[in-house]
Amino acid sequence: QVGIYTNAVALGETMWQISGSIGTVVFPMTTNSKDKRNMKEFINKVTRVTFTIIVICAIMLIIISKPLILLLLGKDFAKSATALVLIIPGITVFSISNILSNYIAGIGKIEKNIIASVTACIVTVSLDFILIPRIGINGASIASSISYTVFTMITLFFYTRMTQSKLSDLLI
């Protein structure tokens with residue numbers, strides 16, 4: 001069960017390579033930026049474009065998840081496909097946080113990221129205790145997906161408050 005779940009997570013989290021790389025660049029840019037307004041507009045645009053790319057990748061990964069897992073891992077890991085599909089929504093949403101949390105850290109508000117992380121950790125552990133005994137690895141995927149979404153919602157809350165951005169500025 002753990003191997004099946006681990007492979008599902010590993011395949012899903014490959015999408016984070018895109019937003020994680022961008023987030024890595026955002027941090028030093030933010031710390032060195034003198035113009036907060038231009039930086040905010042840049043972050044909003046980068047987040048919009050990145051999220052769109054991740055959504056497209058997520059849809060494609062959902063469509064090909066079963067054949068891909070069978071091809072890469074074999075029929076013994078076929079159950080990874082369902083776990084992967086269940087965790088993809090959270091992974092997709094969390095890609096926003098990969099960028100925004102680096103911005104937040106770059107402006108020196110690391111405590112906001114800590115609040116989001118601790119809250120998400122509590123959600124993960126709580127839901128794992130509830131869902132894993134009942135539905136196994138699929139419960140772990142659901143718990144992780146919800147936890148990633150909670151982290152992102154908190155990050156979005158802090159980012160929009162600090163920059164006066166609207167959600168539509170970030171997502172549409």
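# Legends to the close-up views

**Close-up 1. Asn98 is part of helix α4.** The model shown is predicted, so local features are given only at pLDDT of at least 70 and side-chain atom pairs only at pLDDT 80 or more, whereas totals for chains, interfaces and linings use all residues. Residues are numbered from 1 along each chain as its sequence is written, and side-chain values use heavy atoms, with hydrogens and water left out. Helices are DSSP runs of H or I with at least four residues, strands are runs of E with at least two, and both are numbered from the N terminus. Asn98 counts as buried because its relative accessibility is 14%; buried means under 20% relative accessible area, exposed over 50%, and partly exposed in between, with a 1.4 Å probe and protein chains only. The side chains of Asn98 and Ser19 are joined by a polar contact of 2.8 Å. A polar contact is a pair of N or O atoms within 3.5 Å; within protein, one must be able to donate a hydrogen and the other to accept it, and residues adjacent in sequence count only if both atoms are side-chain atoms. Neighbours within four places in sequence left aside, Asn98 is in contact (heavy atoms within 4.5 Å) with Trp16, Ser19, Gly20 and Gly23.

**Close-up 2. Ser80 belongs to helix α4, residues 80-106.** With 0% relative accessibility, Ser80 counts as buried. Its side chain reaches the backbone oxygen of Ile4 at 2.8 Å. Apart from neighbours within four places in sequence, the contacts of Ser80 are Ile4, Asn7, Ala8 and Ile69.

**Close-up 3. Helices α2 (residues 16-32) and α3 (residues 36-73) pack with their axes 10 Å apart and at an angle of about 175°.** The axes are lines fitted to C-alpha atoms, for helices over the stretch in contact, and the angles run from 0 to 180 degrees between N-to-C directions. The two helices are therefore roughly antiparallel; angles over 145 degrees count as such, those under 35 as roughly parallel, 65 to 115 as roughly perpendicular and the rest as oblique. Helix α2 contributes Ile18, Ser19, Ile22, Val26, Met29 and Thr30 to the contact, and helix α3 contributes Met39, Phe42, Ile43, Val46, Thr50, Ile53, Ile54 and Cys57. Eleven of these residues are nonpolar, three are polar and none is charged. Here Ala, Val, Leu, Ile, Met, Phe, Trp, Tyr, Cys and Pro count as nonpolar, Asp, Glu, Lys and Arg as charged, and the others, Gly among them, as polar.

**Close-up 4. Trp16, Phe94, Tyr148 and Phe151 form one aromatic cluster.** The structure holds six aromatic pairs. The ring centres of Trp16 and Tyr148 are 5.2 Å apart and the planes stand at 75°, so this pair is edge-to-face. Trp16 in helix α2 and Tyr148 in helix α6 (residues 137-163) are 132 residues apart, and the pair thus links distant parts of the chain. Rings of Phe, Tyr and Trp (its six-membered ring) pair if their centres lie within 6.5 Å; planes under 30 degrees apart count as stacked, over 60 as edge-to-face and the rest as tilted. Both Trp16 and Tyr148 are buried.

**Close-up 5. Leu170 lies in helix α7, residues 167-171.** Leu170 is buried, at a relative accessible area of 0%. Neighbours within four places in sequence excluded, Leu170 is in contact with Asn44, Thr47, Arg48, Leu100, Leu156, Tyr159 and Thr160.

**Close-up 6. Gln164 is located in the loop between α6 and α7.** Although not a glycine, Gln164 has a positive phi of about 60°. Most residues other than glycine have a negative phi. Gln164 counts as exposed, at 63% relative accessibility.
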